[in-house]
Amino acid sequence: MWRGLSALVTRPASAPLRLCARCSTGAESLVPGSTIFALSSGQGRCAIAVIRTSGPASGLALRSLTALREPPPARSACLRLLRHPCSGEPLDRSLVLWFPGEGSDPGAHGVCVRVSVNLHQSARVLPIVLTMLFAIQGPQSFTGEDCMELHVHGGPAVVSGVLQALGSVPGLRPAKAGEFTRRAFAHGKLSLTEVEGLADLIHAETEAQRRQALRQLDGELSQLCQGWAKTLTKALAHVEAYIDFGEDDNLEEGVLEQVDRDVRALEVALSSHLRDARRGQRLRSGANVVVAGPPNAGKSSLVNLLSQKPVSIVSPEPGTTRDILETPVDLAGFPVLLSDTAGLREGAGAVEQEGVRRARQRLEQADIILGMLDASDLASSSSCSFLDTVVAPLVAQSHDSGRQRLLLLLNKSDLLSANAPASSTALPPHLLLSCHTGAGMDALLQALKTELAAVCGDPSTGPPLLTRARHQYHLQGCLDALGRFQLTTDLALAAEALRQARRQLSHLTGGGGTEEILDLIFQDFCVGK
Ligand SMILES: Nc1nc2c(ncn2[C@@H]2O[C@H](COP(=O)(O)OP(=O)(O)OP(=O)(O)O)[C@@H](O)[C@H]2O)c(=O)[nH]1
Ligand SMILES: [Mg+2]
């Protein structure tokens, strides 16, 4: 092994560059002979389209299309005329970028290293030499393999011509969905939670989702889990040492007490993250916001206004909305599933009663309820009934739990006469609103933003959120195993509990069942990512 490494670092500075698939190094060992290419930017006509390759034949592809004898300097763009490798037909003027992968010839990006290491020195010197080499190579490519990017003009004929040209280069094939990221994971460039963060970033539709995904991609959750896994490994090592060497055998005093303290601290940290778990999931899949109230209060008008599209029919006839109508919206930067519901009243026909039943059921699942009344009709029986049966219990609940789930809105403020009191002190705290004039909408959006930040968590601050049910499941599994550790007095069982706890965490840091999880995540990716 040392001999092989020595040969790698002693290549003469003048040795020719190895460009073709057959003589390229390193990455073939992972996926033999496989170099992938794909359009990485979106489909359709655009100014610039990005096409990229990953794999050992990337250099050959670059040489074939650009007629460059050597790849350009690593990670800097150069302008080249692309030609079809078979017909020589010009395809486009393109920016070409070259990202050498791990194990790629350092000379390929303009740096030559000549180091002689003999077998006696090798063990001591090689780690230093390799560190130097990686420092010289700088950041690697996204996948860890040789990669090329072509920034071409985004016309459909240019894009299909370049893709076809790449397909004609030996050793290249079109990428499958998510294959670039899968390779990055396989080369250890991304952890599992970072891959999830990347998938979330691609799918992020609101500002809050983007912030959260970026933090996960930056590895915050991964680092947190790795820190916890380290604590568990240390605790396990100490318990096993105690089992092997016993009390009398020179073991530091208080080893088990320290393990106990560490495990308790870990339990506290895990419990606090689990308490927040639903918030991260809401941030990823959207908070449930339900608009409810008596018939004709203006619920559908508000849903249409907030979603800025005609989701629901609006009419002066009470009982217009009969079923739940859902629409995903971006409210103050947070993802929301907004539901319009049937007006709550007794004694209507069978169809409307079914709508009322569904509305009540939806209220149970709501993260935030926008309770709406007609400000000019507060004395009506349906308004009073809504106040008694929905608003009052929710207000009482919020006093008990300290969490506000209801925003009470008095709509149609434009119908109130100028000298009528602006609000009623007999009512719980509320906002005055007019869907017709837009008065009060800014205050409503501000209040919603505050409530949504409480319900989804603020992705700009605080610890990283658990955005998937999978995260919650394994952290709970880890916590349960730590509970078993605390309960047992048998050291062998205690060690086993720590091992189980560590196994649960390994599902988040990588390891155990990773392939199945990756399959699920990569379903979310598109080709070229
Ligand atoms: N003056 C005034 N009228 C409004 C306002 N908001 C809604 N309306 C009117 O009130 C009527 C009922 O509005 P909708 O939005 O259909 O009310 P809803 O609560 O969805 O009614 P149901 O579906 O029947 O329960 C319509 O004629 C709207 O134009 C407002 O702010 N001011
Ligand atoms: Mg309606």
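**View 1. Who sits around ligand 1?** Sorted by class, the shell around ligand 1 has seven nonpolar, twelve polar and three charged residues. Here Ala, Val, Leu, Ile, Met, Phe, Trp, Tyr, Cys and Pro count as nonpolar, Asp, Glu, Lys and Arg as charged, and the others, Gly among them, as polar. In total, 22 residues surround the ligand, and the closest are Gly298, Ser300, Ser301, Thr321 and Gly343; a residue is near if its C-beta atom, placed from the backbone, lies within 6 Å. Helix α11 (residues 299–307) gives the most to this shell, with three residues.

This is a predicted model, where local features need pLDDT of at least 70, side-chain atom pairs count only at pLDDT 80 or more, and totals for chains, interfaces and linings use all residues. Residues are numbered from 1 along each chain as its sequence is written, while chains are lettered from A and ligands numbered from 1 in the order in which they are written.

**View 2. A helix under cover.** Seven of the nine residues in helix α10 (residues 277–285) are buried, meaning 20 or more other C-beta atoms, placed from the backbone, lie within 10 Å of their own. Among them are Arg279, Arg282 and Arg284. Just after α10, Gly286 takes a positive phi of about 105°.

**View 3. Six strands side by side.** This open sheet runs β8-β9-β7-β10-β11-β12, with mixed pairing; strands pair if DSSP finds at least two bridges between them. Its edge strands, β8 (325–331) and β12 (430–432), each pair on one side only. Strands β10 (368–374) and β11 (406–411) pair in the parallel sense over six bridges, and Leu373 stands opposite Leu410 in β11.

Definitions and conventions: Helices (H or I, at least four residues) and strands (E, at least two) are DSSP runs, numbered from the N terminus. A residue is buried if 20 or more other C-beta atoms lie within 10 Å of its own, exposed if 12 or fewer, and partly exposed in between; C-beta atoms are placed from the backbone.
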